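Student: I would like a close look at a single part of this model. Please take me through the contacts first, then the surroundings.

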Amino acid sequence: MQIEQDLIICVPIEEAEAIRTWLLESKVLDMDRKIRKTTENGKKYLLLPVTEKVKGYTCFNDQMPEIYTPNKSLKELLANEMPVQELVKVPAGWQVIGTVIIVTIPEDLEHRKMLIGEKLLQMYPRCSCVVKDKGIQGALRLPTREVIAGHGTETTHKENGCTFKLDVAKVMFSKGNLAEKKLMSVVAHDEVVVDMFAGIGYFSIPIAVHSSPKKIISIELNPVSFSYLQENIRLNHVKSLVEPILGDCAIVTPEGVADRVIMGYVGTTHNYLFKGIKALKPEGGILHYHETTPERLVFERPVNRIREAALEIGKEVEIVETRRIKKYSPGVWHVVIDAKIM
């Protein structure tokens, strides 16, 4: 099962402008992709990119989407409105989640935050809101964010053929580990999976959409994230595959049921290793263990933690693969260990 992501409708060129205007007013014209021309049997058509199916038109998958890139950089847009000593501190990167832009702004530019937000909206016409990121707090990984331009922090984000609804001011969503999410989405065919820190479905949804698993048990502690997890299960039509459970992994993780366990949380993940290993079937299975680790201990510490936890409950470990996901902070890496537990 795959969610259609990049859709187009094909319209005669002489009708295209009227239809384009209607799509724009209906807020279904995809402003991130270019309109393209095509010819069939000597007749000219335009391919109009849309964000959802349009009643009365046949929608096709866009096999060769062309993405708009901003004509000017953020610094270029700000060049005439800020002194050089401030301009050099302007952020060089940000995240676009659905229709929301998330940006980190240095304290020195706090008085310029609204101006920066306005220019980012100018760069991305499809977006409706810019939020300033102030970091992640507490065991529930709650974001602290401030709207600095536009409005509306709830959005729908499409990624890897999946749809995620979320409020960026209330739950976290990282595009930095897309490769890991894609990797996980194709490894669980005909398996039972326990996703111990499911969030809004970062791993559970792609696995359900792409891997044809037997079942996914998705556990989430944060009630807000859990609500979006339920909504995303519905949006992606995988209710028959995903069983969401609201609760603490230390209490509600089932034992002896899984072929594969995903521990996709960082910070205190090692405290749940016993639960993760015990969730696997008696004959064993695969554990995907995430950890934030100092550079000097980058794979040594997480591997040792897995071995020690397995040894205490009489299990053997074979390390299948180790991966660096991204820099978490200076001198600290987010890593993943794939371990076969026997």
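Which residues does Ser185 touch, not counting residues up to four places away in sequence?

Tutor: Ser185 touches Asn160, Pro206, Ile207, His210 and Ser211. Contact means heavy atoms within 4.5 Å. The model is predicted: local features need pLDDT of at least 70, side-chain atom pairs count only at pLDDT 80 or more, and totals for chains, interfaces and linings use all residues. Residues are numbered from 1 along each chain as its sequence is written, and side-chain values use heavy atoms, with hydrogens and water left out.

Ser185 sits in the loop between α5 (178–184) and β11 (192–195). Helices (H or I, at least four residues) and strands (E, at least two) are DSSP runs, numbered from the N terminus. Ser185 is buried, at a relative accessible area of 3%. Buried means under 20% relative accessible area, with a 1.4 Å probe and protein chains only.

Now the nonpolar core. Such a core is a set of buried Ala, Val, Leu, Ile, Met, Phe, Trp, Tyr and Cys residues joined through side-chain atoms within 4.5 Å. The largest has 31 residues; Ile200 and Ile205 are among those with the most contacts inside it. β6, β7, β10 (162–167), α6 (204–210) and α7 (223–235) each supply at least two of its residues. Ile200 touches, among others, Phe164, Leu166, Phe173, Ile205 and Leu229, not counting residues up to four places away in sequence. A second, separate core has 26 residues, including Tyr265, Tyr272, Ile306 and Ala309.

How values were computed. Buried < 20%, exposed > 50% of the residue type's maximum accessible area, 1.4 Å probe, protein only.
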